[in-house]
Amino acid sequence: MDVILFLVFAVIAVVCAVNVVLQKHPISSAISLIGVMGSLAVLYLLLGAEFIAAAQVIVYAGAVMVLFVFVIMLLNAGEEVRRGRSFMAQLLGMPLLVAFAGLMAWFVNRLYPESTGVHFGGFTGGTPLAVGRALFTRYLLPFEVTSILVLIAIVGAIVLGRKEMD
Amino acid sequence: MSEVPIAWFLVLSAVLFALGVAGFLFRRNIITVFMSIELMLNAVNLSFVTFSYQFKQVNGNLYTFFVMVVAAAEAAVGLAIILTVFKNRSTLNIDEVNSMKD
């Protein structure tokens with residue numbers, strides 16, 4: 001059952017990720033990226049990370065992608081213009097990429113030949129209770145630093161986005 | 001077999017990361033390049049959560065949380081930069097935004 005769940009959503013994630021790369025129009029890429037993020041949220045649930053799954057849907061598939069779609073609409077971004085690429089890029093691009101992915105997959109299989117299997121409910125430490133407890137005790141300083149970072153990001157975005165007043 | 005091997009999650013993460021790299025290198029639209037970066041961040045998040053499951057500790061989830069916060073901040077600033085670039089150059093093609101080259 002868990003294997004079927006994993007396979008279904010892994011295939012959805014990979015197909016949507018391929019679509020992100022291949023689509024010509026940015027809005028199609030954005031919709032495909034939402035598909036990747038949604039299926040990754042289901043996989044997080046399978047791994048017992050309930051809080052992260054919820055945050056993935058709310059923050060990534062919600063807030064960040066709304067920002068992307070908003071900017072795409074604001075700039076009226078159309079299909080991108082294809083240009084001729086250099087000979088080396090055309091020749092070596094895809095094979096090197098496949099070699100990169102294959103090498104990483106080989107390393108992983110080599111490192112984890114017979115590791116523990118993942119089944120639903122095998123790890124319950126990712127609940128909001130556990131995450132919040134760790135966040136406000138052991139990781140309190142990084143958490144507070146993060147709030148400064150977000151404040152800086154907000155101020156930076158406003159400064160970059162405002163009209164020149166002089 | 002009712003359990004998913006942990007290596008499958010890591011392989012999925014590797015494949016998604018490679019696709020993100022592909023989008024980053026092949027695409028010419030600056031917004032799509034930015035979305036490829038988000039795809040790579042998501043792939044790394046998946047491996048963090050997987051390791052969190054393997055070691056039965058919550059730390060991986062917290063790293064994922066921090067990565068999410070940084071990604072959200074980065075998206076806000078990055079898209080503001082894209083808006084400014086478009087305002088000044090009225091193009092989204094990264095081949096034409098190359099004045100630092102010469």
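This is a predicted model: local features need pLDDT of at least 70, side-chain atom pairs count only at pLDDT 80 or more; totals for chains, interfaces and linings use all residues.
Trainee: Which helix of chain A gives the most residues to the side that touches chain B?

Mentor: In this contact, 71 residues of chain A meet 62 residues of chain B. Several elements of chain A supply at least two residues each to that side, among them helix H1 (2-22), helix H2 (26-46) and helix H3 (50-75). The most, 12 residues, come from H3(A).

Trainee: How many residues on the side of chain A that touches chain B are nonpolar?

Mentor: The residues on that side divide into three kinds. Of these, 3 are charged and 13 are polar. The nonpolar ones number 55.

Trainee: Which residue of S1(B) is the bridge partner of Val118(A)?

Mentor: Strand S1 (117-118) of chain A is joined by 2 bridges to strand S1 (residues 4-5) of chain B, and the two run antiparallel. In S1(B), the partner of Val118(A) is Val4(B).

Trainee: Is Leu47(A) buried or exposed, and why?

Mentor: Leu47(A) sits in the loop between H2 and H3 of chain A. A residue is buried if 20 or more other C-beta atoms lie within 10 Å of its own. Because Leu47(A) has 28 C-beta neighbours inside 10 Å, it counts as buried.

Trainee: Which residues of chain B does Leu47(A) touch?

Mentor: Residues up to four places away in sequence are not counted here. Within chain A, Leu47(A) then touches Val118(A) and Phe123(A). In chain B, Leu47(A) touches Val49(B), Thr50(B) and Tyr53(B).

Trainee: How far apart in space are Leu47(A) and Gly121(A)?

Mentor: In sequence, Leu47(A) and Gly121(A) are 74 residues apart. Taken from C-alpha to C-alpha, their distance in space is 7.8 Å.

Trainee: What span does H2(A) reach from its first C-alpha to its last?

Mentor: H2(A) has 21 residues, and at 1.5 Å a residue the expected span is 30 Å. The span in the model is close to that, at 31 Å.

Trainee: Which residue with a positive phi follows H2(A)?

Mentor: The phi in question is near 85°. The residue is Gly48(A).

Methods:
Residues are numbered from 1 along each chain as its sequence is written. Chains are lettered from A and ligands numbered from 1 in the order in which they are written. Two residues are in contact if their C-beta atoms, placed from the backbone, lie within 7 Å. Helices (H or I, at least four residues) and strands (E, at least two) are DSSP runs, numbered from the N terminus. Ala, Val, Leu, Ile, Met, Phe, Trp, Tyr, Cys and Pro count as nonpolar, Asp, Glu, Lys and Arg as charged, and the others, Gly among them, as polar. Two strands pair if DSSP finds at least two bridges between them. The expected span of a helix is 1.5 Å times one less than its number of residues. A residue is buried if 20 or more other C-beta atoms lie within 10 Å of its own, exposed if 12 or fewer, and partly exposed in between; C-beta atoms are placed from the backbone.
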